[in-house]
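Let's take a walk through a protein model together. Have the sequence and the 3D view open, and find each spot as we come to it.

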Amino acid sequence: MSKKVKINLLSIGTVFFWSLAFPFSKVAMQHFSPYALGFLRVCIASVTLLIIGKFAGNRLPKVKDLGWLFLAGACGFGIYLFAFNRGIQTLSSASSSIVIALTPVMTAVAAHYLYGERINKLGWLMLFTAFSGVVIMMLWDGALSINTGMLWTLGAAVVFCAYNILNRKLSTMGYKAIEIVTYSMISAIIVLSPFSVQGAREIMSASPKYIAVLLMLGVLSSALAYYLWSLALSMTEKTSDVTNYSFLTPFVATLMGSIVLDEVPGMGTIIGGIVIIASIIVFSKKGKI
């Protein structure tokens, strides 16, 4: 198998596992509260990543870097899952995945101000049109029908943007991608620990169906997805060959939502989603100098 085929398979696998999180988080919350679900998910993911890290040769973090790793874990997994789960309670899988897809654009804007990475005029225009798509989705049914789930999900995208910036900083400090994910995920356990008792209570009363869904979210959508993503990025010579696959997530998540939950995207989601995804693709291809 050629290197390019391996990279493509790893990227597609990542997108598929990430997409599972959108409909199956809604299934899990038929039993688990959004807060307990986040705590249990990072616990399962952390154990899985520690096992993977054992074979991947993970090194222990330096004491002086623990603060940065904790902050990365808080943004990327702790606060992110808190906001993500709150948001998807009232959003469809399609709407949630489309809003989360804005994260790379937000990251590029943050890098523009923090690292001097330049965005051209077309890029700023695409940024405006992308967020116009969000407004379309939020206000399609009338100015007074703003879905709070959309605001929570936008918040999740913002904190994950912060994680991406912190991830970049930790990479320059010598940490491998799998090490960053592993220690950030473990840090998220501390962030979500106030919900540990509730999580223990809910998992004790969960049926095998909901435990299986929880394991899927923790092992596949969290641990394995990020591990495959880090492998793909470590193998490629051009980062965009991997990151461009993230554009598929809303489409796969929408398909999974229709299969698992019989969700049918509304016209506002379709129109707003087309505007957002088209803007993101143009931004990625032509929006940066």
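This is a predicted model: local features need pLDDT of at least 70, side-chain atom pairs count only at pLDDT 80 or more; totals for chains, interfaces and linings use all residues.

Let's begin with helices H3 and H7. Helix H3 covers residues 66-88 and helix H7 covers residues 148-172, and their axes come within 8 Å of each other, crossing at roughly 160°. An angle over 145° counts as roughly antiparallel, so H3 is roughly antiparallel to H7. The crossing of H3 past H7 is left-handed. What kinds of residues make up this contact, sorted by class? The contact of H3 with H7 has 20 nonpolar residues, four polar ones and two charged ones.

Now slide along the chain to the second pair. Helix H5 (residues 103-115) packs against helix H6 (residues 121-139) with the axes 11 Å apart and an angle of about 140° between them. That angle makes H5 oblique to H6. H5 and H6 also cross in a left-handed way. If you want to see who is touching whom, look on the H5 side for Val105, Met106, Val109, His112 and Tyr113, and on the H6 side for Trp124, Leu127 and Phe131. Counted by class, that contact of H5 with H6 has seven nonpolar residues, one polar residue and no charged ones.

Time to zoom in on single residues. Ser222 sits in helix H10, which spans residues 208-235. Is Ser222 buried or exposed? Its relative accessibility is 3%, so Ser222 counts as buried. The side chain of Ser222 is joined to the side chain of Arg41 by a polar contact of 2.7 Å. Setting aside neighbours within four places in sequence, Ser222 is in contact with Arg41, Ala45, Met185 and Leu217. Take Met185 from that list: Met185 and Ser222 are 37 residues apart along the chain, yet their C-alpha atoms are separated by 9.0 Å.

Next stop is Thr48, in helix H2 (residues 34-56). Thr48 has a relative accessible area of 16%, so Thr48 is buried too. A polar atom of the Thr48 side chain lies 2.9 Å from the backbone oxygen of Ile44. If we don't count residues up to four places away in sequence, Thr48 touches Val219 and Ala223.

Our last stop is a residue in a loop. Where is Asp262? Look in the loop between helix H12 (249-261) and helix H13 (267-286). Asp262 has a positive phi of about 60°, although this residue is not a glycine. And while Ser222 counts as buried, Asp262 has a relative accessibility of 64%, so Asp262 counts as exposed.

Methods: Residues are numbered from 1 along each chain as its sequence is written. Side-chain values use heavy atoms; hydrogens and water are left out. Axes are lines fitted to C-alpha atoms, for helices over the stretch in contact, and angles run from 0 to 180 degrees between N-to-C directions. Helices (H or I, at least four residues) and strands (E, at least two) are DSSP runs, numbered from the N terminus. Angles under 35 degrees count as roughly parallel, over 145 as roughly antiparallel, 65 to 115 as roughly perpendicular and the rest as oblique. A crossing is left-handed if the near helix is turned anticlockwise from the far one by less than a right angle, and right-handed if clockwise. Contact means heavy atoms within 4.5 Å. Ala, Val, Leu, Ile, Met, Phe, Trp, Tyr, Cys and Pro count as nonpolar, Asp, Glu, Lys and Arg as charged, and the others, Gly among them, as polar. Buried means under 20% relative accessible area, exposed over 50%, partly exposed in between (1.4 Å probe, protein chains only). A polar contact is a pair of N or O atoms within 3.5 Å; within protein, one must be able to donate a hydrogen and the other to accept it, and residues adjacent in sequence count only if both atoms are side-chain atoms.
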